[in-house]
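Here's a friendly walk through a protein model. Take a look at it first, and then we'll go through it piece by piece.

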Amino acid sequence: MKKLLFPMIMLFVLLLNIPILADSNNLVQNFGFEQGSLDKWDRQAYTNTDGITEFFIDDTVSHSGAKSACIINNSPNHSRFNQEIKVKGNSYYKLSCWVKTENVGSDYTGANITVEGILDISEHIQGTNDWQYIELYGSTKKNQKSFVLSLALGSYGNVNTGKVWFDDVVVEKVDKVPSNVKVAKLYVEDTSTNTAKLPKSKNISFMTPYSILFFIVAILLIVLAKKEILKIKPGREKILLVIALSIGLVVRLIYAAKVEGFSVDIGCFRAWSMAASGINGISTFYTSGMFCDYPPFYILVLALVGGISNLFNLTSNLGAHLIMIKLPAIIADVVTAYLIYKLAVKKFNSSASFILSILYIFNPAVFLNSTLWGQVDSFFTMILLFGLILILEGKLTYATILFTIAVLMKPQGIIFLPVIGYELIIDFIKTKKIKNIGLSALYAIITTAIIIIPFSAGRAPTWLIDLYINTAEGYKYASMNAYNLFSLFGANAKEDSTTLFIFSYYAWGMFFIVLTSLFTGFLYFSNYLKHKQSAQSIAPIAMLVQMTGVFVLSTRMHERYLFPSMAFALLCYIFYKDIGYLLIFGGTSATVFVNTYDVLVRMFLTEYPYIPADDTLLFIGSLANVIILLFLCIVSIQTVVRNKTIPLDLK
Ligand SMILES: [Ca+2]
């Protein structure tokens with residue numbers, strides 16, 4: 001019997017060990033959730049507001065055993081079960097699990113397995129599916145001790161809804177990786193900055209005291225400049241301007257990396273930038289099936305951004321990549337502030353010019369749009385400003401190139417076509433020559449061709465028109481969070497086919513666009529009839545009227561669209577020195593800031609960026625913009641028709 005004891009014990013031990021041996025390579029603890037708890041697993045989510053995401057053990061659904069782990073995203077979120085896994089450096093690992101899905105959205109990243117803090121993910125599962133196997137191969141870096149395994153619904157900058165179950169999670173060290181398989185880097189690529197703190201900050205509450213401070217300081221500066229108390233010593237203005245713009249730039253770069261921004265826009269820009277900078281990225285950009293509602297010009301800018309990011313390997317570091325994605329708009333902020341100084345210094349002394357420039361670069365609405373939100377309205381504004389400067393220099397045909405680019409960047413560039421149209425008609429009346437009209441048309445066609453040909457491989461040229469129609473059809477609302485006339489009447493996020501006094505909101509919007517353009521024409525022809533051959537261009541006023549008029553009175557407007565009016569109002573003030581335009585600049589700065597801040601905070605808090613139609617702030621802001629538009633009508637008539645201004649002439 002004693003002889004048998006040892007082998008029996010051995011057999012017993014072996015039998016006991018079989019299940020353990022079978023999984024001895026699996027580094028995941030509680031891998032099948034059979035303990036009935038989320039022991040060893042952490043719950044992580046982009047948005048942590050109550051009710052958005054549920055994490056739990058489901059003992060009615062399983063791939064093996066009796067239980068699995070379940071995530072429900074009731075609203076869009078990037079949520080995951082995480083577990084720290086001890087690993088060896090310079091090694092290959094295979095991450096795998098089984099996934100079952102129910103109603104996972106098809107536009108964003110579905111259920112996947114990955115590592116916390118990296119962008120590579122396994123195949124991701126959307127829609128409704130029974131159990132499916134997913135896996136991801138990856139490598140660790142030298143001296144790496146661990147990574148955080150992540151069972152996710154959604155990905156960075158890409159939030160999704162639906163229900164997913166995970167089971168039988170395995171992480172195992174493998175000697176080699178099958179060929180034709182992508183090998184992810186299972187670590188957050190290290191640069192000098194701390195990249196471990198993901199996701200990025202969503203706290204922008206500092207903007208409220210900052211914006212109040214900005215308006216107080218702005219008023220103070222203008223009063224002091226007016227009374228000639230504030231005077232910059234001659235010769236000092238250039239260095240002061242360089243310092244101010246540098247501060248504006250550095251603060252933007254810091255916050256660009258710190259605050260992720262409006263996740264949908266950032267997600268789109270990142271995806272478009274990576275796609276467009278790939279091999280054949282541009283020629284297949286619009287045919288690859290990827291969602292994109294932007295016309296081609298900004299895709300070219302994003303291709304450049306992506307190319308530079310790839311060159312310096314910035315795409316895997318979220319902070320550095322965020323800076324790159326936001327950089328074109330940030331540069332545009334600085335360039336626009338500089339242009340404002342250059343234009344102002346022709347009409348004002350350097351102290352006043354300096355003040356006008358910093359009113360732009362430190363403007364909270366400008367800062368919020370490019371740096372915190374990550375939008376590109378400021379890039380659009382810069383292009384329009386260059387166009388405006390060319391008009392004022394009498395280079396109408398070249399201006400047409402910039403206006404064409406504006407339309408090819410954002411569809412709302414069409415708002416400014418009446419301005420170039422009136423300029424060309426007045427030019428024709430003055431010179432009796434058709435040459436400029438012909439040349440402008442030619443330049444517009446050539447510019448369009450150069451920009452769209454790279455995207456057009458093997459496609460009918462009408463694809464661009466289809467793109468514009470689809471974009472316009474994409475947001476068929478009376479107002480999309482815009483502080484305007486329709487929101488004032490409680491129609492925010494209402495279908496614009498809804499009837500309001502006989503006609504639909506959309507018909508009213510179109511009627512008002514025509515009316516606004518006719519009003520601009522009235523200003524142009526009044527100005528011409530008054531001054532005949534010596535009539536100066538009124539383009540700054542015309543652009544301000546078109547932008548503000550269309551935003552306040554037209555449908556399908558988003559909260560950000562009034563943005564260019566701020567720069568145009570400053571330009572009007574520079575050219576006409578009427579205090580009215582400075583007040584319009586202040587007014588639009590306030591409404592654009594509050595409007596965009598409100599929407600961005602809603603996005604950060606709830607991933608649901610819609611203002612309720614009965615919101616009080618929406619009503620007040622909308623009323624303010626309607627009043628600003630009426631005031632602009634009066635001031636523009638005073639300036640152009642009556643030649644009367646209420647001067648505020650900063651010396
Ligand atoms: Ca199980």
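The largest nonpolar core has 178 residues, and those with the most contacts inside it include Ala406, Met543 and Leu570. A nonpolar core here is a set of buried Ala, Val, Leu, Ile, Met, Phe, Trp, Tyr and Cys residues joined through C-beta atoms within 7 Å. Buried means that 20 or more other C-beta atoms lie within 10 Å of a residue's own, with those atoms placed from the backbone. Helix α6 (residues 318-344) gives the most to this core, with 14 residues. The core also draws at least three residues from each of domain 1 and domain 2.

A word on where this comes from: the model is predicted, so local features need pLDDT of at least 70, side-chain atom pairs count only at pLDDT 80 or more, and totals for chains, interfaces and linings use all residues. Residues are numbered from 1 along each chain as its sequence is written.

Back to Leu570: leaving aside its neighbours within four places in sequence, Leu570 is in contact (C-beta atoms, placed from the backbone, within 7 Å) with Ile340, Leu356, Leu359, Tyr360 and Phe585.

Met543 turns up again where two helices meet. The axes of α9 and α16 come within 10 Å and cross at roughly 145 degrees. Axes are lines fitted to C-alpha atoms, for helices over the stretch in contact, and angles run from 0 to 180 degrees between N-to-C directions. Helices (H or I, at least four residues) and strands (E, at least two) are DSSP runs, numbered from the N terminus.

| Helix | Residues in the helix | Residues meeting the other helix |
|---|---|---|
| α9 | 377-392 | Leu384, Leu388, Ile391, Leu392 |
| α16 | 539-553 | Ala539, Pro540, Met543 |

Now for the domains, whose bounds come from an automatic or database domain assignment: domain 1 covers 42-185 and domain 2 covers 213-640. Their C-alpha centres lie 41 Å apart. Twelve residues of domain 1 are in contact with twelve of domain 2. On the domain 1 side, strand β3 (residues 68-77) gives the most, with three residues.

Finally, there's an open sheet of four strands, in the order β1-β4-β8-β6 with antiparallel pairing. Two strands pair if DSSP finds at least two bridges between them. Because β1 (42-45) and β6 (111-115) stand at the edges with a single partner strand each, one side of each has no neighbour in the sheet. Four bridges join β1 to β4 (residues 79-86), and Asp42 stands opposite Asn82 in β4.

Technical notes:
A residue is buried if 20 or more other C-beta atoms lie within 10 Å of its own, exposed if 12 or fewer, and partly exposed in between; C-beta atoms are placed from the backbone.
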